[in-house]
Amino acid sequence: MSARETVLDYYEALRRGEPLAPYFAERPDVVKVGVFSRVVGFDDVAESLREQTRTTAAWTVDSHDLRTHEPPTDDACVWFTDVVDLSWRETGRETSHAFETRWSGVLEPRGDGDAREWVFATMHVSAPHRPQQDAE
């Protein structure tokens, strides 16, 4: 799977409520920045993602401008950027959120040959504007 396909697969996993931690590098310096949080270290990123999956539902992830740069060498990192309409519902509070978000990050290779896959070393998601909706 290419790095681009990995990003798109991550979006699909988010929509389906599947585990997201496997998409991240198992390193103490991995970083995930979300609309409301910043988490460092694989263990904390994994826990944050498990909690997010447990407490949210009805994710919409609509990509509008995914761009990736994949250098020609097999061991190089890949960077990506995207504009994504993102919405979800908090299940405990029945609060909905919707944002036009900007995504960027770096993916690194894990494994070799046919077993090589791409994982996020950093992911940054931000909202350039106020929420499109935030209704309780």
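I take buried to mean under 20% relative accessible area. By that cut-off Tyr10 is buried, and Tyr23 is buried too. I keep in mind that this is a predicted model.

**Entry 1: the core**

I looked up the largest nonpolar core first. It has 31 residues. I listed those with the most contacts inside it: Tyr10, Tyr11, Phe24, Leu86, Trp103 and Phe120. Helix α1 gives the most, with 6 residues.

**Entry 2: around Tyr10**

I went to Tyr10 and left out residues up to four places away in sequence. What does Tyr10 touch? I noted Leu20, Tyr23, Phe24 and Lys32 among its contacts. Leu49, Trp103, Phe120 and Met123 complete the list.

**Entry 3: ring pairs**

I then turned to the aromatic rings. A pair of aromatic rings is described by the distance of the centres and the angle of the planes. The count comes to 11 aromatic pairs. I checked Tyr10 with Tyr23: the ring centres are 5.3 Å apart and the planes stand at 85 degrees, so this pair is edge-to-face. The pair links distant parts of the chain, 13 residues apart. Tyr10 sits in helix α1, and Tyr23 in the loop between α1 and β1 (31-33).

Tyr11 is in helix α1 and Trp103 in strand β6, 92 residues apart. Are these two buried or exposed? Tyr11 is buried, with a relative accessible area of 1%. Trp103 is buried, at 4%.

I followed the ring pairs onward. They link Tyr10, Tyr11, Tyr23, Phe24, Phe80, Trp103 and Phe120 into a cluster.

**Entry 4: helix α2**

I looked at the length of α2. It has 14 residues and reaches 20 Å from its first C-alpha to its last. That is close to the 20 Å expected at 1.5 Å a residue.

Which residues of α2 are buried? I noted Phe42, Val45, Ala46, Leu49 and Gln52. They cover an arc of only 125 degrees around the axis, so they lie on the same side of α2. I looked for what covers these buried residues and found α1, β1, β2 (38-40) and β3 among the elements that do. I then looked at the face turned away from the buried side. Asp43 and Arg54 are there, and they are exposed.

**Entry 5: two spot checks**

I picked Leu8, which is found in helix α1. It is partly exposed, with a relative accessible area of 36%. I asked how far Leu8 is from Pro109 in space.

I picked Pro72 next. It lies in the loop between β4 (67-69) and β5. Buried or exposed? Pro72 has a relative accessible area of 81%, so I put it down as exposed, the cut-off being over 50%. Its C-alpha is separated by 29 Å from that of Val45, 27 residues apart along the chain. Val45 is one of the buried residues of α2.

Key: Residues numbered from 1 in each chain as written. Predicted model: local features only at pLDDT ≥ 70, side-chain atom pairs only at ≥ 80, totals over all residues. Heavy atoms only, no water. Core = buried A, V, L, I, M, F, W, Y, C linked by side-chain atoms within 4.5 Å. Buried < 20%, exposed > 50% of the residue type's maximum accessible area, 1.4 Å probe, protein only. Helix = DSSP H or I, 4+ residues; strand = E, 2+ residues; numbered from the N terminus. Contact = heavy atoms within 4.5 Å. Phe/Tyr/Trp six-rings, centres within 6.5 Å; stacked < 30°, edge-to-face > 60°. Expected span 1.5 Å × (residues − 1). Arc of directions from axis to C-beta.
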